[in-house]
Amino acid sequence: MPHMHLPHFHLPHVRLPHIHWPHFHIHFHDRPLSGEPHPERPFHWRLYWCEALATAVLMIVGLVCVILLTAPDTFLGRLLAPYPNIQTALCGLCFGMAGTAAAMTPFGKISGAHLNPSVTLAFMLSKKIVWIDALGYAIAQVIGALFGTAAVYGMGMVFASWRTLSSEVHYGATIPYTKISVWYALGSEALVTGLLIITLYWLAAHPRYKAVTPWIGGIFFLVMNPITAWLSGNSVNFARSLAPALFAGEWTNLWIYLIGPFAGSSLAVLAIQFDLFGKIHLLEARLVNFGHHGRVPHLDDPHFKHAAPEHYDAYRAHLEELAKLKAQKNAAQQDT
């Protein structure tokens, strides 16, 4: 029997993708809103409009709560007037929870609900969002804040009593305390914004606390407002301060709410990058994962998540299937 030489089989070298334990998060090059945009899609208009609408929700809910809690002629205003610290804390809680409500709308789920130019600036400085999208978000936030405040103002054109209540508290405008130097108000805005950014980053970098993260705005301002709100109102959000100032005509030291929050946000990111608060690795700049190849979630399914660009066709098929099911459901309802 002749001697047989079997061929040698060499297994190909297999390179496993990087896996982030314990969450099995595969890192693709096409990161959400980071890196270079697709040349055919430099702008994400759907995201900007959703961010504007989410910010409008923040302003409507937040300003209505502040007016009801602080106007002298409301039931809550009279009840809480002898307890200014409790009143201020509740204003912080309600405005913070207004941000939670905005984030939970379909608009907020799609855009990520930054709701605040200072938050967007922090993400941009961390290279989690490119400058062109950061600019789009900031403009959207200002537009959304104006629309939201206009809605609150418009209620006064329909109901005279509401116009009286809202004008008494300057439509919820943030105004620095005038009996001390404005530099204290500026420092307060920078400090509180910096603490907010550090808190948001720390929670975003620790997914095990994701149950707390949506509620952190209300908790944060519930604690901070009695301590520092008397200095500046604890705006930490230029869009939030600008819009009521326009309608109330309160332009006193408005620059504080631009420079203070932006400075606080920048210093917070710098401190995080120097590991002054430990290793904080922020994976995402938003709640819904998407990339620069047009794979922005739709209102039909804001929770839909996808990974690499080649899944775009699958995403389109998914949306078409949703539309087909919706059409079938509507047809069945019409038949009955």
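User: Which residues of helix 9 do the residues of helix 3 meet?

Analyst: This is a predicted model, in which local features need pLDDT of at least 70 and side-chain atom pairs count only at pLDDT 80 or more, while totals for chains, interfaces and linings use all residues. Residues are numbered from 1 along each chain as its sequence is written, and side-chain values use heavy atoms, without hydrogens and water. Contact means heavy atoms within 4.5 Å, and helices are DSSP runs (H or I, at least four residues) numbered from the N terminus. From helix 3, Asn85, Thr88, Ala89, Cys91, Gly92, Leu93, Gly96 and Met97 meet Gly217, Gly218, Phe221, Leu222, Asn225, Pro226 and Ala229.

User: Is Ser118 buried or exposed?

Analyst: Ser118 lies in helix 5 (residues 117–125). Beyond four places in sequence, its contacts are Thr193, Ile197, Val236, Pro261, Phe262 and Ser265. Buried means under 20% relative accessible area, exposed over 50%, partly exposed in between (1.4 Å probe, protein chains only). Because its relative accessibility is 0%, Ser118 counts as buried.

User: What pLDDT does the protein chain average?

Analyst: pLDDT is the predictor's confidence in each residue, from 0 to 100. Of the residues, 77% score at least 70, and the chain average is 81.

Note on methods. Helices (H or I, at least four residues) and strands (E, at least two) are DSSP runs, numbered from the N terminus.
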